[in-house]
Amino acid sequence: NEKVEKKKREAAAVPVPVPKGPMPLPLVGNMVHIKPFGRRPFAYNIADMADDYGDIFSLRVDLLASADHDGVPPIFITDPSIVQELVQREKEFPKMWTSNANKTISFLGGKGLFTSSTTDREWQTARPLMSKPFNEVKLKAYFDIIVDKSERYVQQLEHRVSRGGGGKTLISELNEWNSCFTFDTVMEASLGTDLKNLEALGEGKPLDPFLPAFRKAFRMNFKFNKGWQLKHYLNYFENKRQLEEFKGCVQTMFDRLQSLVE
């Protein structure tokens, strides 16, 4: 009835306290707590923070914060049951591609199924089109591809280690190995094309042109995702060179994808 609905609206209007997390530092917030530097993946230790701050906590990290809600830090959930509930209540908690990092990636890759919010028209158009290749039968077929690629991944790593002569072998470029594994798997599952980047990396041969172009463009994207800005004049010639290199990498990516689709 009307009274119940009114109470719901009043309750929704009351600000909910933001869950606590590590104490943020001036200017840098919690960037120092997520260990953004070094050889390990960015923010690999976030899940470990649940031991100290509980299953729901926040971090002041501007890169991950929503661009649409100034001052509200990103909130992290490590309890699987809560995550499952959020997924089941999708209409109340839709996937929102709105963080500063999300928008930066959208500039590079465009707005598609994975780079749009579920409330966007682009997502609502792409979602029905993607239902057929991601039905239960197709997913079972993809499983065999993923298993095959995983086994070949391990084989190539073993081959690299064996070349070390039995001593300790440091494999420092795991991000590159993971990129090859992901790209090869997605391309074979979606287009039926095995690009064999894992084998190329293991044998020291050139990779598919998309991968090095993507990795370089992704790094430079954070610098040029808003185009040429006033700050770029501080090192004009170097930044101009990098901008042209960035545009060339993006063009290489789209040209290669176009050739694969054709």
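Contact, for these notes, means heavy atoms within 4.5 Å. I'm working from a predicted model, so I keep that in mind throughout.

**Entry 1: overall layout.** I started with the secondary structure and got 10 helices and two strands. Read along the sequence, the pattern is α-α-β-β-α-α-α-α-α-α-α-α. The protein has 262 residues, and 28% of them count as buried. For the accessible surface I have about 18,000 Å², with 59% of that belonging to carbon and sulfur atoms. I also checked contacts between residues at least 6 apart in sequence: 52% of these join residues at least 24 apart.

**Entry 2: helix 7.** What covers the buried residues of helix 7? I found that the cover includes helix 6, helix 8, helix 9 and helix 10. The buried residues themselves are Trp177, Cys180, Phe181, Phe183, Asp184, Thr185 and Met187. Just after helix 7, Gly192 takes a positive phi of about 75°.

**Entry 3: helix 6.** I ran the length check again on helix 6, residues 136-162. Its 27 residues should span 39 Å at 1.5 Å a residue, and its end C-alpha atoms are 39 Å apart, so this agrees too. Buried here are Tyr142, Ile145, Lys149, Arg152, Tyr153, Gln156 and Arg160. I looked up where they pack and got helix 7 (174-191) and helix 8 (197-202). A reminder to myself on spacing: an α-helix has 3.6 residues a turn, so residues three or four places apart point the same way.

**Entry 4: cores.** Which residues touch the most other members of the largest nonpolar core? Phe183, Ala217 and Phe246 do, in a core of 25 residues. Helix 7, helix 8, helix 9 (210-224) and helix 10 (236-261) each supply at least two residues of this core. Apart from it lies another core, of eight residues, including Ile34, Met49, Ala50 and Phe57.

I went back to Phe183 for its contacts. Leaving out residues up to four places away in sequence, Phe183 touches Leu195, Asn197, Asp208, Phe210, Leu211 and Leu260. Phe183 also belongs to a cluster linked by ring pairs, along with Phe210, Phe214 and Phe218. The count of aromatic pairs comes to 12. One more ring to note: the charged end of Lys240 sits over the ring of Trp228, 5.0 Å from its centre.

**Entry 5: Asn221.** Buried or exposed? I looked up Asn221 and it is buried, because its relative accessible area is 0% and the cut-off is under 20%. Asn221 is found in helix 9. Not counting residues up to four places away in sequence, Asn221 touches Thr104, Ile105, Phe107, Leu108 and Phe246.

**Entry 6: positive phi.** Most residues other than glycine have a negative phi, so I looked for exceptions. Phi of Leu27 is near 75°. Leu27 lies in the loop between helix 1 (2-13) and helix 2 (50-53), and with a relative accessible area of 89% it is exposed. Lys196 also has a positive phi, near 55°. Lys196 is in the loop between helix 7 and helix 8, and its relative accessible area of 44% makes it partly exposed.

Technical notes. Residues numbered from 1 in each chain as written. Predicted model: local features only at pLDDT ≥ 70, side-chain atom pairs only at ≥ 80, totals over all residues. Heavy atoms only, no water. Phe/Tyr/Trp six-rings, centres within 6.5 Å; stacked < 30°, edge-to-face > 60°. Lys NZ or Arg CZ within 6 Å of the ring centre and 35° of its normal. Helix = DSSP H or I, 4+ residues; strand = E, 2+ residues; numbered from the N terminus. Expected span 1.5 Å × (residues − 1). Buried < 20%, exposed > 50% of the residue type's maximum accessible area, 1.4 Å probe, protein only. Areas by Shrake-Rupley, 256 points an atom, 1.4 Å probe, with all protein chains shown as cover. Core = buried A, V, L, I, M, F, W, Y, C linked by side-chain atoms within 4.5 Å.
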